[in-house]
Amino acid sequence: MTFKTIAVIGTGQMGAGIAQVCATAGAHVVAIDPDAKQRDRALAGITKSLAKLAEKGIVTDSAGIAARIRFAEKVGDASGADLVIEAIVEELKAKRALWEELDVLCPPDTIFATNTSSLSVGEQAEVTDRPQEFLGLHFFNPVPLMALVEVVRTDRVNPTVVERAVALVRAMGKTPVLALDTPGFVVNRLLVPYLLDAARAAEAKVANTVDIDAGMKLGAGHPMGPLMLLDFVGIDTVVRIADIFHHAFDEERHRAPAILTAMAARGDLGKKSGKGFYDWSGKEPVPMEIK
Ligand code: 3HC
C-alpha cells in the first residue's frame, strides 16, 4: 500500500465513493465534510455499496473496509494524512482556497490530489508551496464500480508522485490512464459534448427520453443512455463542466443548452435530487415529461 492514511475532503457522491475505494485499497481514510447531513448520507451510501459488493463476492472484508473510514468535520483533520484528495464543489476559487488552507496544515511531503473533472490542476497547484507534490486523480461515477482513474500530470509534478498515484489506483483494482492537464482530460473532453448533444436532441424532441437512451444503449453499445447518464452524473455538474469548457475553448458546442440550465435552476439535478430526465423516487426510474 503506497499511502497509509488518506484524507478525502467533501463527501458528496464522488467523495464518498473515493473514500470507499481508498479504504478498499487498504488505507485508513478520514472523510471530511462540514455538513453533518452530507456525512450521514455518505456513510449510508458506503454501507449500502459495500453490502452490495460483499453480496457479489467483489469485496470480502466489508466490515474491515468500513472500519478504516472515519468521518470528520474539520479540514484540520487532514493534517496527519500522506495523501489528501479533494472532491468539493467544481469551482476554482473554492478549490484554491481549500489548498491554501491545507498547504499550511499539512507537512510539506503530503501529496495533494484534486478530483476535478475539468478545472486546471496547475492553477490549483500554484497556490501551494508543493506543485511537485500535486496532481489530478479523476474518478468516475459510480466510483466503486467504474474501472478507470485518470492520473493527471502537470508540467511541475514529480514523476515519483505520479508513480505512487498510479500504484494507488492499481491497489484499488482500477486502471490508471495518464493524461495531460488540459480541460476535461481524456474522458470528459469526449463525453461531455456528447451529453450536451443528447440534451439538445431531447430539447428538439428528436425522440422521447426512453428512445434517446435506448438508441445509444442498443445502437452504440453504451451501458447507459446519455439522458440517464446526465441524471447519474448530476445536471448541475454537467452544466458547470460545460461552462468551464465554453470558457476554455470558446466553442458554441460547449454552451450548456437551455433545457439543462433550466433543470439546474429548478433543482432537478438528476438522481441525487430525485428528479431529472427521470423521476428517481420509485424503485425504477420513470421518464419525466420534457419541459
Ligand atoms: N456500489 C455498489 N454496487 C452498485 C453501485 C455502487 N455505488 N451502484 C450500483 N450498484 C449495483 C446495482 O445495485 C446493481 O446491483 P444488482 O446487479 O444486484 O441489481 C449493479 O450494480 C448493476 O447495476 P445495474 O444492473 O443497475 O446497471 P448496469 O449493469 O448498467 O451497471 C453501471 C451500472 C456500472 C453504472 C453502468 O450502467 C455504467 O457503466 N454506466 C455508465 C456510467 C458512466 O459512464 N460513468 C461515468 C460518468 S462521467 C464521470 O463520472 C466523470 C465526472 O467528472 C463527471
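This is a predicted model: local features need pLDDT of at least 70, side-chain atom pairs count only at pLDDT 80 or more; totals for chains, interfaces and linings use all residues.
Is Gly-64 buried or exposed?

Gly-64 sits in helix α3, which covers residues 62–67. Its relative accessible area is 17%, and the cut-off for buried is under 20%, so Gly-64 counts as buried. Gly-26 lies 38 residues away from Gly-64 along the chain, and the two C-alpha atoms are 9.2 Å apart.

Now the ligand. There are 18 residues around the ligand, and the ones that come nearest are Ser-49, Lys-52, His-138, Asn-141 and Asn-188.

From the side chain of Ser-49, an N or O atom is 2.7 Å from a nitrogen atom of the ligand. With His-138 the ligand atom is an oxygen, and the distance to an N or O atom of the side chain is 2.7 Å. As for cover, the ligand taken alone exposes 1,100 Å², and 65% of that is buried by the protein.

Which elements give two or more residues to the shell around the ligand? They are α2, residues 36–55, α7, residues 187–203, and α9, residues 226–233. Helix α2 has the largest share, with three residues.

Last, the composition. Sorted by type, the shell around the ligand holds eleven nonpolar residues, five polar ones and two charged ones.

To go back to the opening question: Gly-64 is buried, at 17% relative accessible area. That is what I have for today.

Definitions and conventions
Residues are numbered from 1 along each chain as its sequence is written. Side-chain values use heavy atoms; hydrogens and water are left out. Helices (H or I, at least four residues) and strands (E, at least two) are DSSP runs, numbered from the N terminus. Buried means under 20% relative accessible area, exposed over 50%, partly exposed in between (1.4 Å probe, protein chains only). A residue is near a molecule or strand if one of its heavy atoms lies within 4 Å of it. A polar contact is a pair of N or O atoms within 3.5 Å; within protein, one must be able to donate a hydrogen and the other to accept it, and residues adjacent in sequence count only if both atoms are side-chain atoms. Accessible areas come from the Shrake-Rupley method with a 1.4 Å probe; for residues, only the protein chains shown count as cover. Ala, Val, Leu, Ile, Met, Phe, Trp, Tyr, Cys and Pro count as nonpolar, Asp, Glu, Lys and Arg as charged, and the others, Gly among them, as polar.
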